[in-house]
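Please look over the sequence and the three-dimensional structure below before reading on. The report that follows describes how the chains touch one another and then turns to some local features.

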Amino acid sequence: MRWRRKYAKMRAYRKHFALRSVADNTGSIRTGDILLFSTFRNENVRLPYFLDYYRRLGVSHFLMVDNDSDDGGRQYLSGQPDVSLWTTKASYRRSRFGVDWLNWLQRRYGHGHWCLTVDPDELFVYPFCDTRPIRALTDWLDTSSVRSFGAMLLDMYPKGRLDAVPYRPGQDPIEIAAWFDPGNYVIDRNPSYWNLWIQGGPRARVFFHDLPKKAPALNKIPLVKWDKRYAYVSSTHTLLPRGLNLTYDQWGGEKASGVLLHTKFLSTFSEKAEEELIRKQHYSGSVEYKAYAEKIEKDPDLWCNWSEKYINWRQLEILGLMSKGNWA
Amino acid sequence: MSVGIIMLVHTAFDRAEQVARHWAASGCPIVFHVDENVQDHAYHAFVSAMSDLEDVRFVKRHRCEWGTWGLVAATQAASEKMLQDFPDVRHVYLTSGACLPLRPVQELFDYLDERPHTDFIESATTADVPWTVGGLDRERFLLRFPFSWRRQRFLFDAYVKFQRLVGYKRKIPNGIVPHMGSQWWCLTRQTLSAILEDPERKRYDRYFSKVWIPDESYFATLSRLYSRQIESRSLTLSKFDYQGKPHMFYDDHLQLLRRSDCFVARKIWPFANRLYDAFLTDQEGAMKRTEPNPAKIDRIFAKAVDRRTRGRRGLYMQSRFPAEGRENGVTCAPYSVFEGFSDLFENFEPWLAKTTGARVHGHLFAPDRVEFSDGQTVMNGALSDSAKLRDYNKLAFLTSLIWNTRGERQCFQLGPMDEIEDIEWDITKDPNAQISVITGAWAVGLFKSNRNFADIRKEAARLQQIESTHLNALRSEWA
Amino acid sequence: MAEFIEAPMEPLQTIIDEIGKTRRKALAEAPKLTDLTGFPQFLQSLKNQGMHPYLMGDFAIDAGMPESQEPKPKPYLIK
């Protein structure tokens, strides 16, 4: 495992030369600041709400990598004082889907900080997030000597056609993509890395019911008290050292966990899907995107009469999708 | 003023100052102890910040680490200073920088004035105390603990093992009976000074300095020797998690804290602005003489411990994935499995639904698709009727179904023609599964079918074999 | 199966009671038994074809009605 970690770090080092700094505000980072890391391409319409959401939660600084956007996103972000931005034309796929770039940045700037690594379409929800800023969570994790916090992906979707309501910048995406699948997830344990492998939700139900094994992984560990020695292995599903992946209890109890509201399925989706098919930069050689393209054309409705409408974190906790663990 | 406040501080100095000023405004003298681990510049800044107040003292700094003697030494030093410099003080209240007064200070004065000889200190014998962090209760007092539990765990554990091995047992000085309790006390001058001036104090200090977590037992034990009247409870509200660490209070606990019958609460998250504002400024409004209901607070934190240690039975999720044998129950609620009934009775499923009010499914594990009740293609939780999805992880499918439908009894049909591999044993072992079998009834289906007799005969043999194995499994589990 | 058909109401009552837990009133109506005419002959045909069907219990051919002789596996009720 140590070798795998060294390999990850070496890759990060080699790939980082492809990154070019666009705006460097890292001087304003203070001890104790909570940092957010993200890679994106052409997400300009999502960025205003994204920044606003995480600022309100208490993120102090955003470190972002733009993968050659041409929709104005780069310009928008370079004007923000709490954002440090890098850009690259290199292949997303060959940097292990952005992981190499972020590992480099995390090593450089994240050591000793709580680091939240999310995509622009992921909104982090944790217990008591409506009354306690993210600093309360990280302080509590610190006193409990916990270094990593799990939050599974929860695919959100609208009722009806995906493109029925256009998404406007600054809008809360949950207003449109308000529904999710409450209880059709399967879990297995990865014996090599010790993380839990979670599949299910609407993508498995609608796109992968004939090939369940290929359904996308929903397990994520986005919040980590970073150390130079750490590295993400594949997206934010798995970390090294392996102990960081033990965000679950194996003796019948529950550890605290959160959720990432995944707002991928908005009106912007079909354009992105088409673009990704051409670029072939995504996981599984775009098997996922091919499946989407086929299905979306014929019947673009993910909603079913057992879909649940999102209210707040307490609802998710009661459903059993996340847990307060020992926090009260 | 008759009540003196000792404050042990190591962080969040702005909050400590805010609370200290609050006490001082009511006339309480304050003695500070600042942890030696705090950097000098922060210490000096704090001292000068408090320099405008008259009745404030700072004592010699000790290194305070959880579970070690430093905390007691600090308390002793501060107590001595308090008793010496402020002769009017009759009760001394020990607090930390993360404590917050919940009730108007005058209320505390009145309360203590009415009980001038009472010591408020939680003090219980080890046999009566339910908590033990690290599994050591009586042994705290019978073994020696020179190593830090936090920083030198290996040595700590090794030395404990060694002492147990050689059967080492310390002698407790003067046969005092060890007691334990919360270290946040409110003692009378009489009792406190008796402890500090005890001619045997050196012996006691030597003994307790090698006791584990001495601040939980030093004063609790020795006050029993001198107190005229002990009320074994702390006036400070403090709840602990399953690891023995104190819970934090946040802004959303405001209403809860108003229900406490304690005078002070800890620990408060330093950024809980609403709490500090409410209790320090709008005192009258904050408490409004609400009827204390401390049980509610207890319940919430007890539930939190329960959630962390025992979890929700039958739920498998991203932070609860019990190893085999540790599930505390594979499914969360009882359900019923019927084998052969729907073959023998024409209207069994609707009849069962009508008679019991339960949700009745067809063959959930049928080869082609999941036969949900009423022909539905999706079920609670958005479970799909796709056989492939179901078979990808049959146990997850079943436990999810039972979890998603809690409150409504589920019944389903099962038979030898179903895909029962991988799930058969789970259902058989599950105490929540009520299984009823009419053996051989599957033959009726074959009897009524319009197939080639040769095929029927082959199929019958196959199904009989499957059911026979299944019955053996059921019998072995039942016996 | 055979023995069950002889007296289905009692086991059904027990099962239903356990589901309901509180409801102990007698079952108002029974579920409708399917038409089993010719079933004993069916079993015999299977026997003639070399199979050994035993899980169903004894169905006497001429009487056309089930007949139980030795105790056969009864319906299982776990708990």
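A salt bridge is counted here when a side-chain nitrogen of Lys or Arg lies within 4 Å of a carboxyl oxygen of Asp or Glu. Arg132(A) and Asp252(B) form such a salt bridge, with their closest N and O atoms 2.8 Å apart. This is a predicted model, and that should be kept in mind when reading each value.

**Chain B against chain A**

The salt bridge between Arg132(A) and Asp252(B) belongs to an interface for which the count is six salt bridges between chain B and chain A. Across this interface there are also 32 residue pairs in polar contact, with both residues of each pair at pLDDT 80 or more. On the side of chain B that touches chain A, the elements giving two or more residues are α13 (294-309), β15 (378-379), β16 (383-384), α16 (387-392) and α17 (394-404) of chain B. Of these, α13(B) gives the most, with seven residues. Sorted by class, this side of chain B holds 23 nonpolar, 15 polar and twelve charged residues.

The size of an interface is often expressed as the accessible area that is lost when the parts come together. For chain B and chain A the buried area is about 4,300 Å², and 53% of it lies on carbon and sulfur atoms. Three residues, Gln318(B), Phe321(B) and Tyr392(B), supply 19% of the area that chain B buries against chain A, which is more than any other three residues supply.

**Chain B against chain C**

| Interface | Residues in contact | Buried area | Share on carbon and sulfur atoms |
|---|---|---|---|
| Chain B and chain A | 50 residues of chain B, 59 residues of chain A | about 4,300 Å² | 53% |
| Chain B and chain C | 43 residues of chain B, 40 residues of chain C | about 3,900 Å² | 67% |

Within the area that chain B buries against chain C, Trp351(B), Phe447(B) and Gln464(B) supply 17%, more than any other three residues. Two salt bridges are found across the interface of chain B and chain C, and Glu346(B) forms a salt bridge with Lys32(C), in which the closest N and O atoms are 3.0 Å apart. There are 15 residue pairs in polar contact across the interface of chain B and chain C, both residues being at pLDDT 80 or more. The elements that give two or more residues to the side of chain B that touches chain C include β13 (335-339), α15 (348-356) and α20 (453-478) of chain B. Here α20(B) gives the most, with eleven residues. By class, the side of chain B that touches chain C has 25 nonpolar, ten polar and eight charged residues.

**A residue of chain C**

Ile19(C) lies in helix α2 (residues 9-20) of chain C. Is Ile19(C) buried or exposed? Its relative accessible area is 10%, and because of this value Ile19(C) counts as buried, the cut-off being under 20%. Ile19(C) touches Ser336(B), Phe338(B), Thr356(B), Arg409(B), Cys411(B) and Gln434(B), when residues up to four places away in sequence are not counted.

**A hairpin in chain A**

In chain A, strand β13 (residues 231-234) and strand β14 (residues 238-240) run antiparallel and are joined by three bridges. Ser234(A) has Thr238(A) in β14(A) as its bridge partner. The two strands, β13(A) and β14(A), form a hairpin with three residues between them, and in the turn Ser235(A) has a positive phi of about 45 degrees.

Note on methods:
Residues are numbered from 1 along each chain as its sequence is written. Chains are lettered from A and ligands numbered from 1 in the order in which they are written. This is a predicted model: local features need pLDDT of at least 70, side-chain atom pairs count only at pLDDT 80 or more; totals for chains, interfaces and linings use all residues. Side-chain values use heavy atoms; hydrogens and water are left out. Contact means heavy atoms within 4.5 Å. Buried area is the accessible area (1.4 Å probe) that two parts lose on being put together, summed over both. A polar contact is a pair of N or O atoms within 3.5 Å; within protein, one must be able to donate a hydrogen and the other to accept it, and residues adjacent in sequence count only if both atoms are side-chain atoms. Helices (H or I, at least four residues) and strands (E, at least two) are DSSP runs, numbered from the N terminus. Ala, Val, Leu, Ile, Met, Phe, Trp, Tyr, Cys and Pro count as nonpolar, Asp, Glu, Lys and Arg as charged, and the others, Gly among them, as polar. Buried means under 20% relative accessible area, exposed over 50%, partly exposed in between (1.4 Å probe, protein chains only). Two strands pair if DSSP finds at least two bridges between them.
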